[in-house]
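Let's walk through this structure together, one part at a time. Keep the sequence and the 3D view open beside you as you read.

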Amino acid sequence: MFLVFAMMISSFFLTAYAENEITEEKDENEIVATVSLCSCLYVFPIKGHTWIYVENLSDEVQRVGLYDLPVGEGMSVGTYSFSASDGWGVYYNVECYRQNRDNNLENIWSVTKELTQSELDTLSKALANYVNYWDFYFNCAFFAFSIWNSVSRDFLIPLVLPGISHIQVMMLGAKKGVLQLYEVKPEQVFRQRGSLGSAYLEPVSDKTLNG
């Protein structure tokens, strides 16, 4: 009798352990977000913009870089120079705000990748650790390609001319006008101050919003 009871207890714990293993494996493979590499080309080959867009598909707020992304919302991150009035560097949600305001979504070329939680965490760290900087080589394409490369097998080489960067995005299989950026409110648009451990976000000025 005792032997039967012991076997029943052992079977119970083995089953529970197996179910827990399956659950953990399922959770590791669960898609919690998407990341899109986006590009707009205004004047070939010298004028354009490249950025990253992340959408939260999970049932909880996700930390993405320095930003807490609510459930069901999306966010953009890119670097700017003269076209933003709060200084050169990293900005959050400028693209979401401006592209929706200007009704320019149809001109976005984008390629999208699904992310597990571990991949999203990797991308978030890449954003948080990116130096808050812009110049003619370490430009918006260098930023966007660096973040994309952190979670993708594709290895994109950023070059100075926006037109060349745009062609690389197209060669990944990007499609035009298929991505609907989340329509953020003005108070959701930020400029990054500082870098690495000292980095934080602050609201942008009206000049940047209206740029």
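## A walk through the fold

Val-90 is found in strand β6; helices (H or I, at least four residues) and strands (E, at least two) are DSSP runs, numbered from the N terminus. Before going further, note that this is a predicted model, in which local features need pLDDT of at least 70, side-chain atom pairs count only at pLDDT 80 or more, and totals for chains, interfaces and linings use all residues. Residues are numbered from 1 along each chain as its sequence is written, and side-chain values use heavy atoms, with hydrogens and water left out.

How confident is the predictor? The chain averages a pLDDT of 88, and 86% of the residues score at least 70; pLDDT is the predictor's confidence in each residue, from 0 to 100. Over residues 1-24, pLDDT stays under 50, and the model has zero contacts beyond four places in sequence for them. Contact here means heavy atoms within 4.5 Å. Where pLDDT is low, the predicted coordinates should not be read in detail.

Back to Val-90, which is buried, with a relative accessible area of 2%. The word buried means under 20% relative accessible area, exposed means over 50%, and partly exposed lies in between (1.4 Å probe, protein chains only). Not counting residues up to four places away in sequence, Val-90 touches Val-77, Gly-78, Thr-79, Tyr-130, Val-131, Asn-132, Arg-191 and Gln-192. Of these, Asn-132 is 42 residues from Val-90 along the chain, yet their C-alpha atoms are separated by 5.6 Å.

Gln-192, another of those contacts, sits in strand β9 (residues 190-193). Is this residue buried or exposed? Gln-192 is buried, with a relative accessible area of 1%. Its side chain reaches the backbone oxygen of Gly-194 at 3.0 Å, a polar contact being a pair of N or O atoms within 3.5 Å; within protein, one must be able to donate a hydrogen and the other to accept it, and residues adjacent in sequence count only if both atoms are side-chain atoms. Beyond four places in sequence, the residues that Gln-192 touches include Leu-66, Tyr-92, Tyr-130 and Leu-201.

Now step back to the sheet. Strands of a sheet pair through backbone hydrogen bonds, either parallel or antiparallel. Here, an open sheet of eight strands has the order β8-β7-β1-β2-β5-β6-β9-β10, with antiparallel pairing. At its edges are β8 (175-176) and β10 (200-203), each of which pairs on one side only. Two strands count as paired if DSSP finds at least two bridges between them.

Several of these pairings can be followed residue by residue. β1 (residues 31-43) and β7 (residues 109-116) run antiparallel and are joined by eight bridges, with Ser-39 having Trp-109 in β7 as its bridge partner. Two bridges join β6 to β9, again antiparallel, and Tyr-91 stands opposite Arg-191 in β9. Four bridges pair β9 with β10 in the antiparallel sense, where Arg-193 faces Tyr-200 in β10 as its opposite residue. The hairpin of β9 and β10 has six residues between the strands, and in it Gly-194 takes a positive phi near 75°.

Among the buried ones are Phe-142, Phe-143, Phe-145 and Trp-148. Their cover includes β1, β2, β5, β7, α3 and α5 (162-171). In α5, the residues Gly-163, Ser-165, His-166, Gln-168 and Val-169 are buried, and what covers them includes β1, β7 and α4. Just after α5, Gly-173 takes a positive phi of about 100°.

Finally, look inside. The largest nonpolar core has 34 residues, and those with the most contacts inside it are Leu-37, Val-54, Tyr-92 and Leu-123. Such a core is a set of buried Ala, Val, Leu, Ile, Met, Phe, Trp, Tyr and Cys residues joined through side-chain atoms within 4.5 Å. The largest share of this core, six residues, comes from α4. A second, separate core of 18 residues includes Cys-38, Trp-51, Tyr-91 and Val-204.
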